[in-house]
Amino acid sequence: ILVRPGTKISPETIILTLSNPKLEQEVNEAQGRLSQQKAQQQAYKYEQQNERLNYQGRIADIEAEIEKAQLELSVNENLMDLGVSSQMDLQRAKLSVKQQTKRLKFENEKLIQIVEMKGYQLTQRDITITQQESQVVLLEKQLEDMHVKGGISGSLQSLEVELGQSVQLGQSLAKVGSDLALIARLRLPQ
C-alpha cells in the first residue's frame with residue numbers, strides 16, 4: 001500500500017501493488033524459454049552455415065575431379081591420335097568425365113534442396129520465437145497490471161484492502177473521487 005486515503009492522486013499514481021508469485025514465476029520461465037530459443041536459433045544458423053559450407057566443399061572436390069578427368073581425356077585423345085593409347089583408356093576417361101558431371105549435378109540439386117529446407121526450418125523457429133515473445137509481453141503486461149493506479153485525478157477516498165490480504169478477481173480495492181465536476185443522477189418518483 002503506497003497511498004493512504006485523503007491523498008491527492010493523478011491517473012498514473014500507483015495506489016498499491018498486488019503480489020502474485022505464480023505470475024512472477026511464469027514471467028521468469030517465459031523469459032528463460034525465449035532466451036533459450038533465441039540461443040538455439042543462433043546455434044542452428046551456425047550449424048546451417050557449416051553444413052552448407054561442407055556441401056560446397058564437396059561440390060568443389062567434384063569440380064576438381066571433373067577437371068582432372070577432362071585433362072586425362074584430353075591426354076588420351078592426343079595419345080590416341082598418335083596411336084600410343086588404347087581405345088579402352090579413351091572410353092574409360094570419357095566415362096569418368098560423364099560420371100563426375102552427373103555427380104556434380106546431383107550434389108548441386110541436393111545443396112539447393114538443403115538450403116531451401118533449412119530456410120523453412122529457420123522460418124519455423126522464427127515463428128516459435130515470435131509466439132514466445134508475444135507470451136512474454138502478455139505475461140509482463142499482467143505483471144504490470146498488478147500495480148493498481150488511480151485512473152483519474154482526484155483524491156483517494158478509501159482503501160478496501162489491508163496489507164497481506166488476499167483478493168479475488170473483480171474485487172473492489174480502492175475508491176477514488178474526482179476533484180472535478182461531479183455528475184449526479186437523481187431518480188424522483190412521479
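**View 1. Contacts across the chain.** Among contacts (heavy atoms within 4.5 Å) between residues at least 6 apart in sequence, 74% join residues at least 24 apart. The model is predicted: local features need pLDDT of at least 70, side-chain atom pairs count only at pLDDT 80 or more, and totals for chains, interfaces and linings use all residues. Residues are numbered from 1 along each chain as its sequence is written, and side-chain values use heavy atoms, without hydrogens and water.

**View 2. The chain and its elements.** The chain holds 2 helices and 5 strands, DSSP runs of H or I with at least four residues and of E with at least two, numbered from the N terminus. Their order from the N terminus is β-β-α-α-β-β-β. The C-alpha trace spans about 125 × 40 × 25 Å along its principal axes.

**View 3. The largest nonpolar core.** Such a core joins buried Ala, Val, Leu, Ile, Met, Phe, Trp, Tyr and Cys residues through side-chain atoms within 4.5 Å. Buried means under 20% relative accessible area, exposed over 50%, partly exposed in between (1.4 Å probe, protein chains only). This core has 9 residues, including Val3, Ile9, Val148 and Leu173. Strand E2 (14–17) and strand E4 (154–159) each give two or more residues to the core.

**View 4. Around Val148.** Beyond its neighbours within four places in sequence, Val148 is in contact with Thr13, Ile14, Ile15, Leu16, Leu18 and Leu173. A second, separate core has 8 residues, among them Leu23, Leu34, Leu139 and Met146.

**View 5. Val75 in its helix.** Val75 sits in helix H1 (residues 21–82). Val75 is partly exposed, at 39% relative accessible area.
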